[in-house]
Amino acid sequence: MMRFILPFIVFMIMAAFLYVGLSLDPHEVPSPLIGKAAPAFTLPQLQEPSKNFSPQDMKGKVWLFNVWASWCTACESEHAVLLDLSRQNLVPIYGMDYKDKRQDGEAWLRERGNPYALVVSDVEGRVGIDYGVYGVPETYVIDKQGVIRHKQIGPVTPQNLSEKILPLIKELQAK
Amino acid sequence: MKYLSILLVCLLPAFSYASQATDLAADPVLEKRMIGLAENLRCLVCQNESLASSHAELAEDLRREVREQMKKGMNDQEIVDYLVSRYGDFVLYDPPVKKYTLVLWFGPFVLLLLGGGILFYQLRKRKSQISETELSDEDVKRAAALLNDSPELQNKPKAPQA
C-alpha cells in the first residue's frame with residue numbers, strides 16, 4: 001500500500017506548489033519602500049513648468065501618487081478608473097508623467113480628461129528610480145505622515161480599488 | 001629653451017584629450033567596473049536579463065545612475081545598497097540569507113538529505129530481503145560451458161546480441 005501512497009503524497013505536494021505558483025505574478029516585486037517615508041523630490045508641474053511640486057506639500061493628507069505615461073498602454077484602461085475615482089472626491093490623486101515628452105503628456109490629458117489634482121513631469125525618470133518604479137502604471141498610497149502604505153503595481157482596477165485601496169484609504173484618513 | 005617650449009605646446013592637445021576622456025561613457029575603466037557590477041543585478045523589466053545586458057529603458061537609466069555614483073566615489077556595496085533600498089532584494093542574482101530566503105538556500109539540501117535517507121533506507125531493506133541461493137554443480141557446469149563455448153563471447157565479448 002505504501003508503494004502507492006508515498007508517491008501520491010509527493011505528487012500532491014508538488015501539485016499544490018505548482019498550483020500556487022500559477023497564481024503568483026513574478027512581475028509583482030514587493031517594494032521595500034512600504035512603511036518608509038515617500039522619497040522627497042521637487043519636480044516641475046506638467047501643465048505649468050514654472051511651478052514645482054514636492055510630496056512635503058501633502059503632509060497631513062492621505063493621497064494617491066499615480067505614475068503614468070502617454071506611451072503606456074496599460075494606463076489607458078486605468079485612466080477611466082481614475083477619472084471615476086476623482087469624481088467621487090474620496091482622495092486626491094497626484095500624477096507623475098514618467099519618462100514622457102511634456103507635449104505628449106499634456107495632449108493625453110486633454111484628450112482623455114484629467115483625473116489628477118496636479119501632475120508633475122519626470123522626464124529623465126530619476127524620481128521614478130527613487131520610488132522603485134519599474135513598470136508603469138504604478139500607484140502609491142501615502143498617509144498623512146508621508147509614509148508609503150501600499151504600492152499597486154500595474155493598473156488600478158475597480159476590483160483592487162474596492163478590495164484593497166479604498167478600504168486602506170478610509171482607514172488611514174480616520175487616523 | 002625655445003625648443004622645449006615648442007615641445008610643450010605640441011603636447012597641449014594631449015592634455016585637452018585627457019580632459020575629454022573623463023566623459024562617463026567613454027571612460028573604459030569605469031564602464032568595465034559598471035558592467036562587472038551590473039552583471040550581478042537583475043533588470044526588473046525583463047527579469048531574466050541582467051542589468052548589464054538588458055536593453056530596457058529602465059536598465060539604461062539604472063546603468064546611468066550606477067555610472068554617476070561610481071564617479072561620485074561610491075563603492076560597489078554602497079551602489080548595490082542604493083538599488084536594493086529602491087527595488088528590493090529581487091535585484092540581486094545572489095540573494096542574501098534571510099528569514100524568507102531560508103527555503104531557497106537550504107531547501108535543496110533538505111530535499112537531498114530526505115532523498116538520500118529514503119534511498120539508504122530502501123537499500124538496507126532490500127539487502128535484508130535478498131538471500132543468496134547456492135548454485136548446484138550442474139548450474140556451475142552449464143555456466144562454464146556457456147562462457148567458454150559461446151563463439152560470440154570469444155570473438156567480440158563487448159557486443160552482446162540484441
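How many helices and how many strands does chain B have? In this predicted model, chain B has seven helices and zero strands, and its pattern, read along the sequence, is α-α-α-α-α-α-α. Of the 162 residues in chain B, buried residues make up 12%. Among the contacts in chain B with a separation of 6 or more, 38% are accounted for by residues 24 or more positions apart.

Helix H3 of chain B (57-71) has 15 residues and reaches 21 Å from its first C-alpha to its last, a span close to the 21 Å expected at 1.5 Å a residue. Within H3(B), the residues B:Leu58, B:Ala59, B:Leu62, B:Arg63, B:Val66 and B:Met70 are buried. These residues cover an arc of only 135 degrees around the axis, and they therefore lie on the same side of H3(B). The cover over the buried residues of H3(B) includes H2 and H4 of chain B together with helix H4 (126-130) of chain A. H3(B) is followed by B:Gly73, the phi of which is positive, near 95 degrees.

Helix H6 of chain B (residues 137-149) has 13 residues, and the distance from its first C-alpha to its last is 18 Å, close to the 18 Å expected at 1.5 Å a residue. The number of buried residues among the 13 of H6(B) is zero, so this helix lies largely in the open. Elsewhere in chain B, B:Asp27 is placed in the loop between helix H1 (2-20) and helix H2 (28-38). B:Asp27 counts as partly exposed because it has 16 C-beta neighbours inside 10 Å, a number that falls between the limit of 12 or fewer for exposed residues and that of 20 or more for buried ones. Between B:Asp27 and B:Leu112 there are 85 residues in sequence and 47 Å in space, C-alpha to C-alpha.

The interface between the chains was examined next. In chain B, 14 residues are in contact with twelve residues of chain A. Helix H3 (57-71) and helix H4 (76-87) of chain B each supply at least two residues of the side that touches chain A, and the largest share of that side, five residues, comes from H3(B). By class, the side of chain B that touches chain A comprises seven nonpolar, three polar and four charged residues.

In chain A, attention falls on A:Val136 and on several backbone features. The largest nonpolar core has 53 residues, of which A:Val136 and A:Ile142 touch the most other members. When neighbours within four places in sequence are left aside, A:Val136 is in contact with A:Val67, A:Trp68, A:Ala69, A:Cys72, A:Cys75 and A:Tyr98. A:Val136 is also joined to A:Pro137 by a cis peptide bond, with omega about 0 degrees, and A:Pro137 lies in the loop between H4 and strand E6 (138-142) of chain A.

Positive phi values in residues other than glycine occur at A:Asn89, near 55 degrees, and at A:Lys99, near 45 degrees. A:Asn89 is in the loop between helix H2 (74-87) and strand E4 (93-98) of chain A, whereas A:Lys99 lies in the loop between E4 and helix H3 (102-112) of that chain. A:Asn89 is exposed, because 7 other C-beta atoms are within 10 Å, while A:Lys99 is buried, because 21 other C-beta atoms are within 10 Å.

Methods:
Residues are numbered from 1 along each chain as its sequence is written. Chains are lettered from A and ligands numbered from 1 in the order in which they are written. This is a predicted model: local features need pLDDT of at least 70, side-chain atom pairs count only at pLDDT 80 or more; totals for chains, interfaces and linings use all residues. Helices (H or I, at least four residues) and strands (E, at least two) are DSSP runs, numbered from the N terminus. The expected span of a helix is 1.5 Å times one less than its number of residues. Two residues are in contact if their C-beta atoms, placed from the backbone, lie within 7 Å. Ala, Val, Leu, Ile, Met, Phe, Trp, Tyr, Cys and Pro count as nonpolar, Asp, Glu, Lys and Arg as charged, and the others, Gly among them, as polar. A nonpolar core is a set of buried Ala, Val, Leu, Ile, Met, Phe, Trp, Tyr and Cys residues joined through C-beta atoms within 7 Å. The arc is that of the directions from the helix axis to the C-beta atoms.
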